[in-house]
Amino acid sequence: MQIARETLLRSYRAMRTIRMFEERLHVEFATGEIPGFVHLYCGEEASAVGVCANLTDNDTIASTHRGHGHCIAKGVGVAGMMAEIYGRSTGVCRGKGGSMHIADLACGMLGANGIVGGGPPLICGAALSHKTLRDGGVAVAFYGDGASNEGSTLESLNLASVWNLPAVFVVEDNGYGEATGASYACAGTQQARAAGFGMPYIECDGSDYFAVHQAAGEAIAHAREGRGPVMLHVHLARWYGHFEGDAMTYRAADEVANARRDHDCLKLFRTRVTEAGLFEGSELDEVDAAVADEIEAAVVQAKDDPLPQSADLLADVYVRY
Amino acid sequence: MSKKSFRQAINEALRQEMRRDPTVILMGEDVAGGRGGSAGIKDAWGGVLGVTKGLLEEFGDTRVLDTPITEASYIGAAAGAAVTGLRPVAELMFVDFVGCCLDQIMNQAAKFRYMFGGKARTPLVIRAMFGAGFNAAAQHSQALYPLFTHIPGLKVVIPSSPYEAKGLLISAIRDDDPVIFLENKVMYDEEEDVPDEPYAIPFGEANLTREGRDVTIVAFGRMVGLANQAADRLEKKGISCTVIDPRTTSPLDRDTILECVADTGRLVIVDESSPRCNMATDIAAIVAEEAFDTLRAPIRRVVPPHTPVPFATVLETLYLPSVDRIEAAVTATMAHRVVEKV
Ligand SMILES: Cc1ncc(C[n+]2csc(CCOP(=O)(O)OP(=O)(O)O)c2C)c(N)n1
Ligand SMILES: [Mg+2]
């Protein structure tokens with residue numbers, strides 16, 4: 001499948017934005033200025049972006065505790081995200097949610113999630129809305145290898161099949177749930193799980209944007225055409241600890257270094273598009289520079305933005321009460 | 001006797017009970033950690049906050065079991081194992097995750113004994129951390145002890161210091177009923193002198209952390225420390241307080257609370273859980289019903305607002321009960337004057 005030049009440029013920019021956003025957070029978190037838990041998505045960018053490049057604002061996604069990448073890929077603004085992570089009233093959730101709860105329903109982003117396995121059932125509901133309202137939309141659940149063991153996830157695979165929902169279940173398999181390896185925690189295979197619930201299964205290398213784009217394109221088209229849910233298994237590596245502050249003693253010393261060297265989705269993307277003569281390196285450098293400016297501006301702005309007011313504490317518990 | 005943190009006190013209680021009784025086992029997500037990891041090491045974490053560190057080394061992986069992320073099944077497995085001969089201590093990590101496994105606690109473990117006509121024993125302990133103060137936001141900060149207290153068949157423990165944690169956890173493990181043991185996550189580094197040898201603190205016996213004439217303060221967990229700080233300040237202003245730590249919300253030591261209220265005639269309850277149907281409302285109801293005639297002022301509750309826990313520090317600080325708010329409530333109850341009806 002030929003991907004439009006414009007799409008490629010947008011995807012590159014989104015992946016670079018995620019990378020720089022996360023690397024900046026890694027630095028800023030160490031200063032102690034960022035409150036709460038932060039889980040970084042670095043190294044996994046091509047998954048969120050390759051999938052979301054096949055979606056529009058009319059489609060819905062649900063994310064996880066490691067949600068910044070999904071947010072950016074689905075079009076949530078970087079400034080509002082950064083402000084949220086800093087707990088400012090200008091944040092996308094007005095400082096009430098923080099890193100783990102960034103959501104923007106206007107662009108079909110149902111939220112990061114503090115509860116592992118929280119997303120897949122919600123995606124069944126979003127898919128039901130798309131199907132019932134006949135709006136042509138598809139709902140996509142991103143969830144980890146760890147989350148694939150939650151009852152809520154397995155039940156959702158079944159429900160989506162039983163109701164023939166326009167849903168795609170994207171297992172982001174980075175080999176770990178916290179400090180425990182997937183080889184210990186996941187019995188059988190994801191493929192067999194998909195088969196067990198009667199849905200097609202596609203797997204791909206998550207460091208290859210083109211592979212993800214292709215596989216997700218097929219899965220999403222299948223769901224969109226009313227042919228039922230699909231499982232998309234994306235193989236990934238996470239480059240930082242489970243959360244910021246995790247020393248990662250459970251991983252071999254060279255595991256992350258190797259992933260960075262051989263499976264950097266941004267490097268691979270650049271090589272591929274420049275070798276194919278689609279882009280000059282300098283064009284991509286310009287994107288990098290623009291993204292760097294955008295992230296810098298977002299951090300400066302977030303640090304300077306107003307804090308929530310005391311009245312905000314009581315606001316928005318209900319629509320009416 | 002030596003200085004131990006809240007974390008170390010809990011670890012020591014687990015270790016000593018596991019040495020004493022080979023049927024005591026631990027399970028939970030990353031209670032050891034590292035399994036299946038490329039470094040090939042075990043005990044990488046010892047729990048997300050290191051509370052169970054080192055137990056794998058001593059007791060091995062038949063007694064310290066890492067689970068997949070699958071609360072409904074491992075909490076249920078702990079209940080099933082408890083009713084068939086083991087004494088599991090299952091760690092739920094954040095108490096908020098009870099949303100994923102409440103059935104196994106509420107409809108299964110809690111009800112076995114009664115439903116089965118008194119034939120079952122379910123010596124299960126579920127440990128979990130709770131509470132706001134970490135910017136952990138709405139899904140990782142709740143204080144759900146009233147939820148458990150509401151369920152007949154469960155016992156509910158909230159230790160207020162390292163000393164209390166060790167003695168209460170030992171009692172929890174030796175208890176033949178299901179016990180929910182709730183650790184305020186802000187307290188893990190707090191230290192105090194804790195005996196090295198095992199000791200058990202009985203359930204349902206409140207601890208009078210301070211005795212005074214004017215106002216009775218009932219507080220739970222970390223709030224006991226805040227109540228005592230407020231009492232220190234009030235002492236300087238000539239107001240003397242009794243501070244009660246009930247230790248367990250179920251069973252609840254009603255007698256001690258009623259006796260203290262009879263002495264002081266004034267009651268302030270400090271509870272960091274959501275304000276509707278929480279421990280403060282429960283105790284207020286008991287006192288209103290049983291000790292109405294001894295009250296000289298309306299009961300006051302220092303509680304959070306009826307909202308989820310917010311993320312931003314400014315809002316989270318406002319959300320939680322504080323020393324200032326406790327002091328203000330005590331001052332207000334002292335200022336109350338009974339007006340005679342004409
Ligand atoms: C219901 C529930 N259980 C446990 C946790 C604690 N927790 C947060 S992230 C995580 C690991 C998730 O692993 P995975 O799904 O593979 O996602 P990854 O972190 O690798 O992106 C765990 C156990 C939680 N937040 N919610
Ligand atoms: Mg994972």
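Predicted model: local features only at pLDDT ≥ 70, side-chain atom pairs only at ≥ 80, totals over all residues.
Start with chain A as a whole. Its secondary structure comes to 12 helices and seven strands. Along its principal axes, the C-alpha trace spans about 60 × 50 × 40 Å. How does the radius of gyration of chain A agree with that of a compact globule? With 321 residues, such a globule would have a radius near 20 Å, and chain A has 19 Å, which agrees. Burial is the next thing to look at. Of the 321 residues of chain A, 58% count as buried.

Now find the magnesium ion, ligand 2. Which protein residues are its donors? They are Asp145(A), through OD, Asn174(A), through OD1, and Tyr176(A), through O. Asp145(A) and Asn174(A) link distant parts of the chain, 29 residues apart. Asp145(A) sits in the loop between strand S2 (139–144) and helix H6 (151–162) of chain A. Asn174(A) belongs to the loop between strand S3 (167–173) and strand S4 (176–177) of chain A. Are these two residues buried or exposed? Asp145(A) has a relative accessible area of 2%, under the 20% cut-off, so it is buried. Asn174(A) also counts as buried, at 8% relative accessibility.

Gly146(A) is in the loop between S2 and H6 of chain A. Gly146(A) counts as buried, because its relative accessibility is 8%.

Why is the site shared between chains? Residues from chains A and B surround ligand 1, so both contribute to the site.

Look next at individual atoms around ligand 1. A polar backbone atom of Gly114(A) is 2.7 Å from a nitrogen atom of the ligand. A polar backbone atom of Ala147(A) is 2.9 Å from one of the ligand's oxygen atoms. Glu178(A) uses its side chain instead: a polar atom there lies 3.3 Å from a nitrogen atom of the ligand. How much of ligand 1 does the protein cover? On its own, the ligand has 590 Å² of accessible area, and the protein covers 97% of that.

Finish in chain B, with its backbone. Most residues other than glycine have a negative phi, and most peptide bonds are trans. Which residues are joined by a cis peptide bond? They are Ser250(B) and Pro251(B), with omega about 0°. Pro251(B) lies in the loop between strand S12 (248–250) and helix H9 (254–264) of chain B.

Two residues of chain B have a positive phi. Met93(B) is not a glycine, yet its phi is near 65°. Met93(B) is found in strand S4 (residues 87–94) of chain B, and it is buried, with a relative accessible area of 6%. Arg247(B) has a phi of about 70°, and it is not a glycine either. Its place is in the loop between strand S11 (241–245) and S12 of chain B. Arg247(B) is buried too, with a relative accessible area of 10%.

Key: Residues numbered from 1 in each chain as written. Chains lettered and ligands numbered in written order. Heavy atoms only, no water. Donors = N, O, S within 2.8 Å, 3.2 Å for Na, K, Ca; no water. Helix = DSSP H or I, 4+ residues; strand = E, 2+ residues; numbered from the N terminus. Buried < 20%, exposed > 50% of the residue type's maximum accessible area, 1.4 Å probe, protein only. Near = heavy atom within 4 Å. Polar contact = N/O pair within 3.5 Å; in protein donor to acceptor, adjacent residues only side chain to side chain. Areas by Shrake-Rupley, 256 points an atom, 1.4 Å probe, with all protein chains shown as cover. Rg over C-alpha atoms; globule rule 2.2 N^0.38 Å.
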